[in-house]
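This report describes one protein for a reader who has not seen it before. Please look through the sequence and the structure first.

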Amino acid sequence: MIDQFYKKLGTRIKNLREHRGLSQEKLAALMGISRVSLSQVETGDRKISAEEIASLSRTFGVTSDVLLDLKKDIEIVFEEEKKTTGYETKMDIRISVPQKNIKKFREVLLYILTKVGSKPNVGEAVLYKLLYFIDFNYYEKYEEQLVGATYIKNTYGPTPKEFIKIVSDMEKRQELMKVEDKYFQYPQRKYLPLRSPDLSVLQAQEIKMIDEVLERLSDMNANKISDYSHNDVPWITTRNGDVIKYESVFYRTPAYSVRQDNEDRIQ
């Protein structure tokens with residue numbers, strides 16, 4: 001599925017390049033990569049990074065969501081080109097990610113478990129994706145960290161690198177308990193809170209974001225929420241096993257974006 005996406009995206013990039021009358025050498029130079037790398041992108045044999053998507057967006061005069069929406073004809077954009085928009089300018093912003101807030105991670109996890117941990121579908125796999133969307137949605141909307149965990153791209157979706165260590169520590173502190181269970185015929189690892197979360201460490205807008213994500217996604221089972229995460233640009237533009245960059249949220253398609261101008265449509 002992902003390979004097919006990159007092949008289609010590569011074909012689109014090649015068509016746009018030829019439409020503009022650019023050689024592979026010229027476009028590669030504009031992107032800051034080698035001609036061979038660009039050739040591999042155009043054939044779908046090389047995945048493209050978020051920074052390279054931003055470079056292509058500037059070169060072709062389109063926003064990244066238009067570039068990545070393969071269901072729509074992009075050539076229509078050339079009728080009225082735009083050099084930059086407020087959204088594109090925002091995409092170029094780079095914000096340094098601060099050190100992980102372990103205390104906040106614990107309280108956010110306990111809050112999630114208190115709200116939806118008893119749902120039969122919410123096991124460890126679902127928790128991973130809920131945390132991911134809470135973190136990345138907040139970062140996109142407010143341009144600052146909520147928890148700021150490190151998420152790795154794995155086959156089944158984003159995985160918070162710190163989760164196992166923090167949960168193990170919370171078990172020792174008797175803040176939560178781990179339960180091995182089954183969801184239908186599949187094995188499932190659940191976590192149940194043993195104390196209430198300390199909400200004093202969370203701002204009102206942070207709680208609001210958590211609640212919004214839980215309302216929209218917490219009824220999904222592991223397969224459904226995994227598939228959902230696989231269509232988010234930060235996951236798409238990251239190589240397997242690599243850290244998913246928070247900055248890539250600024251290249252999201254409208255279906256996933258939580259910027260102010262999209263809020264009414266996606267909630």
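## Overview

The protein contains 13 helices and four strands. The model is predicted. Of its 267 residues, 52% count as buried. Among contacts between residues at least 6 apart in sequence, 70% join residues at least 24 apart.

## Helix 2 and the residue after it

Helix 2 covers residues 24-31. Its buried residues are Q24, L27, A28 and M31. They lie on the same side of helix 2, because the arc they cover around the axis is only 100°. Just after helix 2 comes G32, which has a positive phi of about 80°.

## Helix 7 against helix 8

Helix 7 spans residues 102-116 and helix 8 spans residues 124-142. Their axes come within 12 Å and cross at roughly 120°. Helix 7 and helix 8 are therefore oblique to each other, and the crossing of the two is right-handed.

Which residues make up this contact between helix 7 and helix 8? From helix 7 come F105, V108, L109, I112, L113 and V116, and they meet L127, L130, L131 and I134 of helix 8.

## Helix 8 against helix 10

Helix 8 also packs with helix 10, which runs over residues 204-217. The angle between helix 8 and helix 10 is about 130°, and their axes are 9 Å apart. This pair, too, is oblique, and the crossing of helix 8 and helix 10 is right-handed.

On the side of helix 8, the residues in contact are L130, F133, I134, N137, Y138, K141 and Y142. On the side of helix 10 they are Q205, E206, M209, I210, V213, L214, R216 and L217.

## Helix 9 and its surroundings

Helix 9 is made of residues 163-172, and F163, I166, V167 and M170 are buried in it. Seen down the axis of helix 9, these buried residues fall within an arc of 95°, so they line one face of the helix. K165 and K172 are exposed on the other side of helix 9.

What covers the buried residues of helix 9? The cover includes helix 7, helix 8, strand 2, strand 3 (176-183) and strand 4 (186-193). Following helix 9 is Q174, with a positive phi near 60°.

## T159 in strand 2

Strand 2, part of that cover, consists of residues 157-160 and contains T159. Is T159 buried or exposed? T159 is buried, because its relative accessible area is 18%, and the cut-off for a buried residue is under 20%. Leaving aside residues up to four places away in sequence, T159 touches Y128, T150, Y151, I152 and N154.

## Salt bridges

A search of the whole structure finds 20 salt bridges. One of them joins the side chains of D45 and K7, with 4.0 Å from N to O. This pair links distant parts of the chain, 38 residues apart: D45 is in the loop between helix 3 (35-43) and helix 4 (50-60), and K7 is in helix 1 (residues 2-19). D45 counts as exposed, because its relative accessibility is 59%. K7 is partly exposed, with a relative accessible area of 41%.

The side chains of R35 and E25 form another salt bridge, at 3.9 Å from N to O. R35 belongs to helix 3 and E25 to helix 2, so this pair ties together parts that are ten residues apart in sequence. R35 is partly exposed at 36% relative accessibility, and E25 is partly exposed with a relative accessible area of 49%.

## A link across the sequence and a network

E51 forms a salt bridge with K245, and their closest N and O atoms are 3.4 Å apart. E51 is in helix 4, while K245 is in the loop between helix 12 (233-236) and helix 13 (263-266), so the pair ties together parts that are 194 residues apart in sequence. E51 is partly exposed, with a relative accessible area of 31%. K245 is partly exposed at 46% relative accessibility.

Some salt bridges share partners, and in this way K103, R106, E107, E175, R195 and D198 are joined into one network.

Conventions: Residues are numbered from 1 along each chain as its sequence is written. Side-chain values use heavy atoms; hydrogens and water are left out. Buried means under 20% relative accessible area, exposed over 50%, partly exposed in between (1.4 Å probe, protein chains only). Contact means heavy atoms within 4.5 Å. The arc is that of the directions from the helix axis to the C-beta atoms. Axes are lines fitted to C-alpha atoms, for helices over the stretch in contact, and angles run from 0 to 180 degrees between N-to-C directions. Angles under 35 degrees count as roughly parallel, over 145 as roughly antiparallel, 65 to 115 as roughly perpendicular and the rest as oblique. A crossing is left-handed if the near helix is turned anticlockwise from the far one by less than a right angle, and right-handed if clockwise.
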